[in-house]
Amino acid sequence: MRARTPAVLAASVVLALAAGPLAAPAFAAPPAPAAGSADRKGPAEEALRAAVAGLPDQYATAALVRVGTPGGDWHGSAGVRDLASGRPAHPDARFRAGSVTKVVTAATVLRLAAQDEIDLDAPVQSYLPDLFTPDFEQPISVRHLLNHTSGIKPGDGLGDDFAEVYSHRFETLTPRQVAESAIAKGPEDFVPGTRQQYLNINYTILGLLIEKVTGRSYASQATRLVLRPAGMHHTYFPGTDPRIRGPHNRGYQAVERPDGTTELVDVTEWNQADRWAAGDMISTTADLERLLTKLFRGKIVPQPELEEMFTTPAGVPGAAYSAGLQYQEVDGQVFWGKSGARYGYSAFIGGTRDLSRTLVYSVNSTDAKGTARNPVTDAIIAAALR
């Protein structure tokens, strides 16, 4: 078969790893690449600089990018810290990492499994009997939560569209309330482990599980078991605090006015407590790069538990999610990663399992939760894979 051009390869990976859960195709979980197979060339620096040139624009106000290759690394930033002042974007800014948080939650659960504090095959109902109703007759294993095959319905939020949730952005919806609202809806009509449905609720319940088995808060255990070993000293879980502490670039959401024009609404301050173990983490690109490299090298989660992060559920049609990660195979090369989005902020970490190519970015997208492709993130990924 004729090899695809780098641009086409990049577009394929963009669709699978950065566009959201519906874009993921079905492949069997592949073995790790053989040692020494890495391409030795360095990053395409000119293409990477071009990818973030011209910010702010209608799609993003700032971008922070880190690319790793065997031939060297590239770090870059572009855009502005805020639209009012026009100051250059802070290159070491903190940002909302969204669902990249799930990587940390999965690693925390797997660390506890390695310490025999959690049994991945045990029903979560046995750990949290006060949460589940008798309607959940089929056992839902911890592994089902990790790989999104639980059949638990989504929990309630604070609204159904931007205008509604924005008006409630300083209110607190607790993780327990979110979980109880999901359980009250009853189970989906499929046997756990037979379908994959990417939902935050799986990781909200994993957060409750972590607290139940350790007797301590999710944030303290994720910090102890993952953030600290990874050297993520600028990453934290804000809880009900709506601010981003420390240096950060402000986030904006494009909103259409009644006259058809567009305004950019500042969405930086926002109480994200309901996202919790599924998407509440605040981090930096340097910290996420440390997480990616140390995790893939087995420095955080030991074998055999680490294999859970590189194995999709067998016999599940279309399965592309493992424990905390998502994968895509393009022309024989396998990429593992995780995207995340909160209003004003889009994030991504990923690469090959042998770390021959890694990418971490934070883009202050003006429509981070939208379904349309973002040309800025597309260009970043295309340049990173050249």
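Tutor: Helix axes here are lines fitted to C-alpha atoms over the stretch in contact, and angles run from 0 to 180 degrees between N-to-C directions. This is a predicted model: local features need pLDDT of at least 70, side-chain atom pairs count only at pLDDT 80 or more, and totals for chains, interfaces and linings use all residues. Residues are numbered from 1 along each chain as its sequence is written, and side-chain values use heavy atoms, with hydrogens and water left out.

Student: What angle do α3 and α8 pack at?

Tutor: Helices are DSSP runs of H or I, at least four residues, numbered from the N terminus. α8 covers residues 200–214, and α3 covers residues 101–114. Their axes lie 10 Å apart, and the packing angle is about 40°.

Student: Are α3 and α8 roughly parallel or oblique to each other?

Tutor: Under 35 degrees counts as roughly parallel, over 145 as roughly antiparallel, 65 to 115 as roughly perpendicular, and the rest as oblique. With an angle of about 40°, α3 and α8 are therefore oblique.

Student: How many of the residues in α3 are buried?

Tutor: Buried means under 20% relative accessible area, with a 1.4 Å probe and protein chains only. α3 is mostly covered, and the count is 13 of its 14 residues.

Definitions and conventions
Helices (H or I, at least four residues) and strands (E, at least two) are DSSP runs, numbered from the N terminus. The expected span of a helix is 1.5 Å times one less than its number of residues. Buried means under 20% relative accessible area, exposed over 50%, partly exposed in between (1.4 Å probe, protein chains only).
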